[in-house]
Amino acid sequence: MLGVSVIAVNQLDRVDRALEVLNEERASLVAVGRGLIADPDWANKVREGRQEEIVVCAYCNQCFDDLNRDVPVGCSEWE
Ligand SMILES: Cc1cc2nc3c(=O)[nH]c(=O)nc-3n(C[C@H](O)[C@H](O)[C@H](O)COP(=O)(O)O)c2cc1C
């Protein structure tokens, strides 16, 4: 342990990867960015063991593009 809280981020919406990071104590917390845009119910589905219902982020970065174009952030997975 580092003596400070560490939050890991980047493609940790994949639950197996997030659990690996946490179980190996490589971070105290994981943050989910794009995965929560794809599926705002991500955390509830993980908590309730409904991982197969998660709308999976394709990492297409439409959300980033929308942000940079100053339009409402959307997601290709919503279509
Ligand atoms: C729409 C959008 C806006 C973001 N805005 C910020 C920001 O203002 N500051 C920041 O440090 N990271 C920002 N990020 C980056 C995320 O915090 C995160 O580091 C990145 O998306 C990688 O994590 P992910 O694979 O879970 O998406 C943003 C990401 C997205 C998709």
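A residue counts as near a molecule or strand if its C-beta atom, placed from the backbone, lies within 6 Å of it.

**Before you start**

This is a predicted model: local features need pLDDT of at least 70, side-chain atom pairs count only at pLDDT 80 or more, and totals for chains, interfaces and linings use all residues. Residues are numbered from 1 along each chain as its sequence is written.

**Stop 1: the whole chain**

Show the chain as a cartoon. What order do the elements take from the N terminus on? They run β-α-β-α-α-α. That gives four helices and two strands. Here helices (H or I, at least four residues) and strands (E, at least two) are DSSP runs, numbered from the N terminus. Along its principal axes, the C-alpha trace spans about 40 × 30 × 15 Å.

Now think about burial. A residue is buried if 20 or more other C-beta atoms lie within 10 Å of its own, exposed if 12 or fewer, and partly exposed in between, with C-beta atoms placed from the backbone. Of the 79 residues of the chain, 15% count as buried.

**Stop 2: the ligand**

Select the ligand and its surroundings. There are 13 residues around the ligand. Val 9, Gln 11, Gly 33, Arg 34 and Cys 63 come nearest. Colour the shell by class: seven residues are nonpolar, four polar and two charged. In this scheme Ala, Val, Leu, Ile, Met, Phe, Trp, Tyr, Cys and Pro are nonpolar, Asp, Glu, Lys and Arg are charged, and the others, Gly among them, are polar.

Which helices each supply at least two residues of the shell? They are α2 (34-38) and α4 (62-69). The largest share, three residues, comes from α4.

**Stop 3: α4**

Stay on α4. Step on to Asp 70, which follows α4. The phi of Asp 70 is positive, near 60°.

**Stop 4: the core**

Select Leu 12, Ala 18, Val 30, Val 32 and Trp 42. These five residues form the largest nonpolar core. Such a core is a set of buried Ala, Val, Leu, Ile, Met, Phe, Trp, Tyr and Cys residues joined through C-beta atoms within 7 Å.

Centre on Leu 12. Beyond its neighbours within four places in sequence, Leu 12 is in contact (C-beta atoms, placed from the backbone, within 7 Å) with Arg 17, Ala 18, Val 21, Val 30 and Val 32.

**Stop 5: Asp 41**

Go to the loop between α2 and α3 (42-47), where Asp 41 is found. Is Asp 41 buried or partly exposed? Asp 41 is partly exposed, because 13 other C-beta atoms lie within 10 Å. Finish with a distance: the C-alpha atoms of Asp 41 and Val 55 are separated by 8.8 Å.

Technical notes. Contact = placed C-beta atoms within 7 Å.
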